[in-house]
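Dear colleague,

Please find below the sequence and structure that I am handing over to you. My findings follow after it, grouped by topic.

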Amino acid sequence: MKEIRKNHIVQLLTSDGIKIDGIVFDYESDRVSVLIAYDSLILAQKINELDELMVSINTHLGVKKMKSHVICKLNANNCIVIENNEAIPIEQKREFVRVLSNIIFKIEKTDKKIIECYCINISAGGIAFCVNNESFDINEDVKIILPEEEFESKIVSSAQIIKHYDNCFVAKFSNLSSYDEDRIMKHVFKLIAQK
């Protein structure tokens, strides 16, 4: 699974329906070492080499699943090594993890007017925000300018206004580079870790 990263939360489901929790301790292109949660250790002792598992991993792109087999059963470090396979393709409504955020950022309208905005929540797919004494139209194209102090360097992206309620709006990013997407996801995970 190409989306896998260290410290992602993992759930292993055995063929008998036993659920075992853990986190990604380490990974390579062909294998994943899963550190088993303390309260799942007794259940994990029942897993043997070559057992088939359904693996759910909470990634930066949402929960992804893959079918896998056990390479090495529970070891002295409380880890199980499993195959790293392709994620099972799924259709999901939301592609990116969204988190509450209170950053202040700017929007540039097509007439070059700059507006200060107050973030409600953010993901690598878009941003929900409020403004004072300003309005946007649905489908209006804008430029989002995210501040350097929150994202290591300034992020500028084209976006489109897709929702409106009261003085709050939702804009969907339309041309984020993978580098900028990663920086937004880093910000998202930092906020999640603070909760």
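V34 has its place in strand β3, which spans residues 31-36. Please note that the model is a predicted one. V34 is buried, with a relative accessible area of 1%. Leaving aside neighbours within four places in sequence, V34 is in contact with V10, G22, I23, F25, N78, C79, I80 and I82. The C-alpha atoms of V34 and L74 are separated by 9.3 Å, and these two residues lie 40 places apart along the chain.

**The largest nonpolar core**

Which residues touch the most other members of the largest nonpolar core? They are I127, F129, I144, L146 and I184, in a core of 31 residues. Strands β8 (104-108), β9 (114-122), β10, β11 (141-146), β12 (155-165) and β13, together with α3, are the elements that give two or more residues to this core. A second, separate core has 19 residues, including V32, L41, A44 and I82. As a general point, nonpolar side chains tend to be buried together in soluble globular proteins.

I127 deserves a separate entry. Not counting residues up to four places away in sequence, I127 touches R98, F105, C119, N121, I122, I144, L146, F169, V170, A171 and F173. I144 and L146, both on that contact list, are also among the residues that touch the most other members of the core.

**The disulfide and the other cysteines**

The structure holds one disulfide. The disulfide joins C130 to C168, with an S to S distance of 2.2 Å. The pair links distant parts of the chain, 38 residues apart: C130 is in strand β10 (residues 126-130), and C168 is in strand β13 (residues 168-173). The torsion about the S-S bond of C130 and C168 is about 60°, so the disulfide is right-handed. C130 is buried at a relative accessible area of 18%, and C168 is buried at 9%.

Why is C79 in no disulfide? A disulfide requires two cysteine sulfur atoms within 2.5 Å, and the nearest cysteine sulfur to that of C79, belonging to C72, is 11 Å away. C79 is buried, with a relative accessible area of 4%. C119 is likewise in no disulfide, and the nearest cysteine sulfur, that of C130, is 9.5 Å away. C119 is buried, with a relative accessible area of 8%.

N7, H8, I9, N58, T59, V97, F189 and I192 line the second largest pocket. The elements that give two or more residues to its lining are β4 (52-59) and α3 (178-194).

**Positive phi values**

Most residues other than glycine have a negative phi. N7, which also belongs to the pocket lining, has a positive phi near 70° although N7 is not a glycine. N7 lies in the segment before β1 (9-14) and is exposed, with a relative accessible area of 57%. K112 also has a positive phi, of about 75°, without being a glycine. K112 has its place in the loop between β8 and β9. At 57% relative accessibility, K112 counts as exposed.

D180 lies in helix α3. The C-alpha atoms of D180 and S158 are separated by 12 Å, with the two residues 22 places apart along the chain.

E140 is found in the loop between β10 and β11. E140 is buried, with a relative accessible area of 14%. Not counting residues up to four places away in sequence, E140 touches K109, A159, Q160 and I161. E140 and I162 are 22 residues apart in sequence and 8.0 Å apart in space, C-alpha to C-alpha.

With kind regards

How values were computed: Residues numbered from 1 in each chain as written. Predicted model: local features only at pLDDT ≥ 70, side-chain atom pairs only at ≥ 80, totals over all residues. Heavy atoms only, no water. 1 Å grid on protein atoms, 1.4 Å probe; cavity = no way out; pocket = protein on both sides within 12 Å on 5 of 7 lines; lining within 4 Å. Helix = DSSP H or I, 4+ residues; strand = E, 2+ residues; numbered from the N terminus. Buried < 20%, exposed > 50% of the residue type's maximum accessible area, 1.4 Å probe, protein only. Core = buried A, V, L, I, M, F, W, Y, C linked by side-chain atoms within 4.5 Å. Contact = heavy atoms within 4.5 Å.
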